[in-house]
Structure formats: structure tokens, C-alpha cells
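Subject: Handover of a structure

Dear colleague,

Please find the structure below, together with an account of what was found in it. I would ask you to keep it open while you read.

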Amino acid sequence: MISIRQRKGVKTTEVPEDYAAQEANVTLENKLPSGGTSRRLWKLLSLMVGGTIALCIGLLTSVYLATLHENDLWFSNIKEVEREISFRTECGLYYSYYKQMLQAPTLMQGFHGLIYDNKTESMRTINLLQRMNIYQEVFLSILYRVLPIQKYLEPVYFYIYTLFGLQAIYVTALYITSWLLSGTWLSGLLAAFWYVTNRIDTTRVEFTIPLRENWALPFFAIQIAAITYFLRPNLRPLSERLTLLAIFVSTFLFSLTWQFNQFMMLMQALVLFTLDSLDMLPAAKATWLYGIQMTGLLLVCILQFFNSMILGSLLISFNLSVLIARKLQKNLKTGSFLNRLGKLLLHLFAVLCLTLFLNNIIKKILNLKSDEHIFKFLKAKFGFGATRDFDANLYLCEEAFGLLPFNTFGRLSDTLLFYAYIFVLSITVMAALAVAFHNLSDSANQQSMGQMGKCTIILKPETAYNLIHTILFGFLALSTMRMKYLWTSHMCVFASFGLCSPEIWELLLKLIHLYNPKRICIMRYSVPILILLYLGYKFWPGMMDELSELREFYDPDTVELMNWINSNTPRKAVFAGSMQLLAGVKLCTGRTLTNHPHYEDNSLRERTKAVYQIYAKRSPEDVHALLRSFGADYVILEDSICYERRHQRGCRLRDLLDIANGHMMDGPGENDPDLKLAGHPRFCEEIKRNLPPYTAYFTRVFQNKTFHVYKLSRNK
């Protein structure tokens with residue numbers, strides 16, 4: 001990471017008086033035994049102990065989260081329909097394909113049902129393996145069929161235990177990353193403790209099990225650990241090749257399991273671009289990583305039947321642009337400071353323009369519109385003009401896509417994580433700025449990463465990578481709350497590494513003139529141990545109380561609805577309603593849907609907006625015509641949406657529909673001057689009065705406190 005070294009090639013250089021004392025500043029693992037053999041035995045023992053602790057802490061975290069899930073829902077005791085309802089929104093949709101594969105008479109029929117699916121979207125046959133990232137459900141269903149476990153383990157438990165098992169891998173990968181950065185497994189232990197004690201902000205797996213990020217993030221953590229090791233200098237050829245293989249496999253699995261993979265890896269590519277431009281990273285290794293990103297993504301593209309959204313991703317355009325610009329711009333890393341800075345700005349401008357050009361060309365060739373809602377959302381979010389676009393506003397009004405709440409920092413501070421993170425971040429940022437300035441100033445005399453010339457501060461490539469990584473993902477989390485789980489987990493790694501890093505403490509103690517090799521050794525071990533004791537003392541009783549708290553799943557209205565659908569409607573009936581509810585209908589009843597929560601398709605977004613007119617101010621004739629155009633036989637109305645109070649005025653679903661339709665919103669408050677009074681009352685309210693204009697098209701067939709189901713007449 002950061003260390004002080006003798007200046008090279010300058011005869012008049014003054015060597016600090018305490019430089020010779022650095023030889024005594026070795027790790028505790030190397031100090032205790034004397035002799036080369038004893039030292040190797042001690043390293044082997046430390047590796048075995050640290051590895052054992054990593055596996056144990058990972059397994060304990062997995063068991064802890066699984067126990068919380070069981071205690072919260074009493075999952076082992078509730079009915080099958082209740083278990084399935086507990087997989088809310090898109091989680092239920094993904095799990096339904098696992099269930100569908102298991103119910104298929106043969107694997108080939110199961111694959112055929114996914115490739116030629118006509119039940120997820122009515123009146124349309126879609127390839128689910130192309131549209132969605134559900135290969136993990138396919139793989140698990142095959143495993144469950146093949147392994148001799150059917151008599152001992154229910155399918156749902158095989159599924160959820162796999163996800164909780166991935167959490168063990170996740171925590172172990174975080175542990176190893178911190179260990180690699182600091183040189184001691186104590187930092188890995190502290191990272192794992194911080195991950196668990198900050199569970200509210202580091203994971204949501206126990207209540208959103210099938211969510212795509214819970215599949216993907218463990219592989220992302222493995223990839224970061226492998227990159228951290230790969231960026232170490234002087235790796236043996238075999239170690240380097242094996243590490244590249246680990247990076248490729250983890251990148252591929254990460255890309256295969258999450259539809260937002262391209263955006264996360266674009267952030268990584270920006271990290272590599274920044275470090276490469278500032279000479280903090282060997283250019284050859286950066287090229288390898290660019291290539292692995294593109295290769296992994298293109299392989300996923302093939303497996304997803306040439307998904308156009310992948311081909312049109314910004315990541316592929318950016319990586320190609322970086323490699324092309326690097327070839328075109330010779331001698332980019334030579335010259336004086338101002339000369340080098342000018343070249344760097346020109347390089348940045350060239351890469352940006354080339355990226356936008358390539359991306360626009362690819363999208364025009366492919367006629368790609370699948371991700372346009374994301375850019376509309378980003379444009380509105382960052383103040384580049386207000387929008388009345390329904391899809392963009394749907395995201396803007398969700399808390400998960402808003403700014404990171406300020407109380408998050410209060411929770412992170414209670415565990416001392418945020419304070420430690422800021423402390424380590426401040427020191428490493430100052431070191432990075434010093435190294436970057438030196439690299440730009442002395443580039444004429446510096447031909448490789450190994451020749452640091454006059455710079456007395458060295459930032460190791462693996463540390464520089466994790467520094468820029470945590471900064472960029474921090475900005476992402478601050479701007480979009482849902483992405484905080486990518487940042488907070490890495491925050492645990494980065495903070496724990498810094499507190500256990502001899503280079504961090506050496507630099508700090510020298511700055512305050514208290515440097516002593518023994519003090520470094522004392523600080524890097526005593527501080528994390530004291531924090532671990534504090535975390536155990538403060539949070540252990542609460543964790544035990546949490547494990548002893550028993551609750552039970554209770555949603556009788558939804559259970560009643562699903563049972564009624566199963567008993568009283570044809571198997572081929574088509575249902576319309578909210579995206580979230582219809583995912584549950586698909587899972588619990590197997591009925592055909594008009595729309596669903598997987599929103600990465602332009603035609604589906606248009607269909608969803610049309611179906612949602614049931615909550616707008618539209619005539620019964622219009623609503624009936626829209627629903628019948630999608631083949632709907634039944635429509636489910638929810639009071640929680642029709643009379644919504646969760647969002648403020650302007651963000652309720654009915655308000656978004658009114659604005660998109662050019663109608664004034666309900667209730668006290670201002671309206672834009674061009675909005676007009678609607679010519680019809682709100683459909684979801686008026687239909688309950690059973691007036692002739694409505695009963696001519698809709699017949700109520702079921703109702704309870706939450707849901708109202710209407711059967712559509714087949715008359716035009």
C-alpha cells in the first residue's frame with residue numbers, strides 16, 4: 001500500500017534518519033519465530049488459522065441469516081402457498097421458473113417451456129433465457145433432479161439454502177480481500193464482524209432471497225479478491241494464469257446472474273481507466289482486465305441468445321474505445337506535467353466521444369430501446385429537465401432509487417465502521433494524490449511502475465484499485481440507495497484493511513513525529529482487537545435477542561386470493577393487475593399474466609402503462625378495450641394502490657398516471673397549468689359502485705379487504 005523508500009538516482013538525496021529502522025518493521029507473523037524454516041512454518045500456521053477462521057465465519061454468517069429468515073416467517077411451519085407469497089414482487093417471478101422446471105415432465109420439456117414461453121406475457125411468446133437472468137434457477141432445478149436429495153429436502157429449501165450458502169462465500173471473499181490488502185487475517189475477521197453487525201445496510205438476503213443481486217454479489221466479491229491478488233507485482237506465471245482464470249470465471253458468473261452487471265462493470269472499467277491514466281496500474285494488466293470484462297459479457301450474450309441489451313451496453317463501447325484510443329495516441333505517458341496533463345485530457349475526451357459514437361451506432365443497428373428508461377431516469381434524477389415520462393417517474397418515486405438516507409451514516413457510525421472508513425480513506429486519498437502528482441510530473445524519467453524516482457510515497461496497485469473502487473461505488477450508493485449494498489460491504493473491507501495496514505500507521509505516525517517500528521506493530525493489532533471487543537460487547541446481546549425473537553408470516557387476504565384463483569378460474573385464464581401482485585399469481589397459480597416486474601423491455605413497459613389505466617381516470621369502455629387487447633380475462637384491483645397513502649402527492653401511482661395522461665391530480669395542491677380535468681372518474685373507485693356502464697363490461701367475482709377481482713365480458 002503506502003511505504004517510505006530511499007530515493008533512487010539522486011546523489012544529493014537525504015535519507016530519513018529513521019529509514020534504517022524500517023527493516024525492523026515487519027509483521028507480527030514474521031517476528032515471533034527466528035530462522036527461515038521457523039518463519040515459513042509460522043506463515044503456514046497463520047495461513048491455516050486464518051483460512052479456518054474465514055470458512056467458519058462465512059458458515060456462521062450463513063446460518064445466522066438463515067435462522068433470521070426462519071424466525072421471521074416461521075418458514076418451516078407455514079403452508080406452501082404462504083411460502084411462495086413470501087417471495088414478494090420480482091422474487092416470486094424468478095422462483096416460479098425454478099418451480100416450472102421442476103414440474104416439467106423432462107428437462108428438455110422444461111427448457112422448451114422457458115425458450116417458448118407464452119404464459120409470462122399473454123398473447124406473446126418470449127424466450128425467457130434471452131430476456132431474463134434465470135440460468136441459476138435452471139441450474140438449481142437440474143441439480144435437484146440429479147442429486148439424491150428429494151426424500152430429504154424440499155425444493156424450496158434446496159433453493160433458499162443455496163442462496164444462504166452463497167452468503168458464506170460472500171463473507172469469505174470479503175475476508176480474503178481485506179487479508180490480501182493488509183497482510184493479516186485479523187483485518188478479514190474485522191471486515192466480517194462489521195458486515196454482520198451492519199447487516200441492515202450490507203445485505204437484504206433474508207427477506208428478498210431470490211433477488212438477482214443476492215446471486216451476483218458473492219461472485220462480484222470473489223472477482224474483487226482475485227483482482228486484488230492479480231494486481232500484486234512479481235506474481236509467478238502460474239499464479240498469474242490461475243488468478244486470471246478466477247477473475248474470468250467470477251466475472252462470467254456475476255454477469256450471468258444479474259441484469260445490471262454491465263453497469264457495475266462499467267464502474268470497474270472506469271476504475272481501471274483512471275488508474276491506468278495516472279500510471280498507478282501496469283497497462284498490460286489493465287488490458288487483461290478490459291478483455292476479461294468484454295469476453296465474459298459476450299459469452300453471457302451468447303448464452304442469452306444474443307441479448308441486444310448486452311451488445312448495446314456502454315461497457316463494451318467504453319472498453320473498445322479505451323483500447324482504440326490507446327493505440328491511436330502514442331507517447332501518452334511522457335512529457336512534462338502540463339504536457340502530460342494536456343495529453344490526458346485529450347485522451348479522456350477521445351475515449352468519451354468514441355464511446356458515445358460506438359454506442360449510438362450499435363443501438364441504431366440493433367434498434368435497441370430496452371435500456372432507454374434507465375437513461376430517462378438518470379436524466380430526470382440529476383436535474384437535466386423535468387419529465388412526465390411514466391417509467392422514469394415510477395423509478396424516481398421509489399425510495400430505493402432515491403438518495404441514500406442520512407440515518408444510514410448514523411447506523412454505520414454506531415459500529416465505528418464509518419469513522420474507521422473515513423480515517424483510512426483520508427490517508428489513502430492523500431497518498432494517491434501525491435503519487436498521481438508525481439507520476440504526471442516525472443513521467444519523462446519514469447518508464448514503469450517499478451521506478452518511482454523521487455517519490456517517497458508508494459501506493460500499491462491493489463490498494464489503488466480498491467481505493468478508486470470504493471470512491472466510485474460510494475458515489476453510486478449516495479445517489480441511489482438500492483446500490484448501497486455494493487458500497488457498504490466494500491466499506492467493511494477497506495476500513496478493516498486500513499486499521500491493520502502497517503503502511504497506513506507508518507505514514508500517520510511519521511506525520512505526527514511519533515514513528516517507531518514497535519508502535520506500528522502495536523497499533524495495527526491493538527486497534528482492531530479493541531474494536532472487535534467493542535462490537536462483541538455492544539452487539540452480541542442484541543443479536544442473541546434477535547435470534548430468540550419469533551414471528552410468523554401472516555397475509556390472509558393474499559392467501560385467500562391465490563386459493564380462490566386456483567379453485568375458481570380456468571388454468572388458461574389471463575390475469576391483469578399490478579406487476580408486483582401478478583408475479584405472485586404466476587408463482588402460486590401458474591396462470592397467464594398480462595405484465596410482470598421484469599421491466600427491461602420496451603414493449604412490456606408500454607403494456608404495463610396500458611394495464612395500469614385501471615387506476616387512472618378512464619372510461620370503462622377504454623379500460624375494457626385495453627385489457628382485452630392483451631387477452632385479459634380477469635383484472636385484480638388493489639385498494640392499497642387505488643387509495644395509496646405511502647407516497648406523497650405527485651408520487652402516488654394514480655398521480656403518475658394522471659400526469660402522463662395530461663389530467664389534474666387529486667387532492668389539495670398545485671397542478672401544472674397545462675393539465676386538464678379528466679372527463680371520467682377514477683376507474684378503480686367508480687367500478688365498485690356497480691353502475692350499468694361498468695357492469696356491462698366487468699362482473700365482480702371475488703373480493704376481500706384488500707383485493708377486488710372482476711371478470712371481463714367478451715363483448716366489444
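**Charges over rings**

Lys 285 lies over the face of Phe 230, at 5.1 Å from the ring centre. A charge counts as sitting over a ring if NZ of Lys or CZ of Arg is within 6 Å of the ring centre and within 35 degrees of the ring normal. Arg 83 is likewise placed over the face of Phe 75, and here the distance from the ring centre is 5.4 Å.

The model is predicted: local features need pLDDT of at least 70, side-chain atom pairs count only at pLDDT 80 or more, and totals for chains, interfaces and linings use all residues. Residues are numbered from 1 along each chain as its sequence is written, and side-chain values use heavy atoms, with hydrogens and water left out.

**Aromatic pairs**

A pair of aromatic rings is described by the distance of the centres and the angle of the planes. Rings of Phe, Tyr and Trp (its six-membered ring) pair if their centres lie within 6.5 Å; planes under 30 degrees apart count as stacked, over 60 as edge-to-face and the rest as tilted. A search of the whole structure finds 32 aromatic pairs. One of them is the edge-to-face pair of Trp 564 and Tyr 634, with 6.4 Å from centre to centre and 80° between the planes. This pair links distant parts of the chain, 70 residues apart: Trp 564 is in helix H26 (residues 556-568) and Tyr 634 in strand E5 (residues 634-638). Helices (H or I, at least four residues) and strands (E, at least two) are DSSP runs, numbered from the N terminus. Trp 564 and Tyr 634 are both buried, a word that means under 20% relative accessible area, whereas exposed means over 50% and partly exposed lies in between (1.4 Å probe, protein chains only).

Phe 683 and Phe 698 also form an edge-to-face pair, at 5.2 Å centre to centre and 65° between the planes. Both of these residues are buried.

**Salt bridges**

A salt bridge is a side-chain nitrogen of Lys or Arg within 4 Å of a carboxyl oxygen of Asp or Glu. By this rule the count comes to 35. Which residues are linked in a network of salt bridges? They are Glu 90, Arg 204, Glu 213 and Arg 482. Between Arg 204 and Glu 213, the closest N and O atoms are 3.0 Å apart. Arg 204 is buried because its relative accessible area is 14%, and Glu 213 is buried because its value is 3%. Arg 482 also forms a salt bridge with Glu 213, with the closest N and O atoms 4.0 Å apart. That pair joins distant parts of the chain, 269 residues apart: Arg 482 is in the loop between helix H22 (461-479) and helix H23 (484-499), and Glu 213 is in helix H11 (residues 212-230).

Elsewhere, the side chains of Glu 686 and Arg 689 meet in a salt bridge of 2.7 Å, N to O.

**Helix H29**

The buried residues of helix H29 (residues 620-629) are Pro 620, Val 623, His 624 and Leu 627. They cover an arc of only 100° around the axis, so they are on the same side of H29; the arc is that of the directions from the helix axis to the C-beta atoms. Just after H29, Gly 631 takes a positive phi of about 80°.

Yours sincerely
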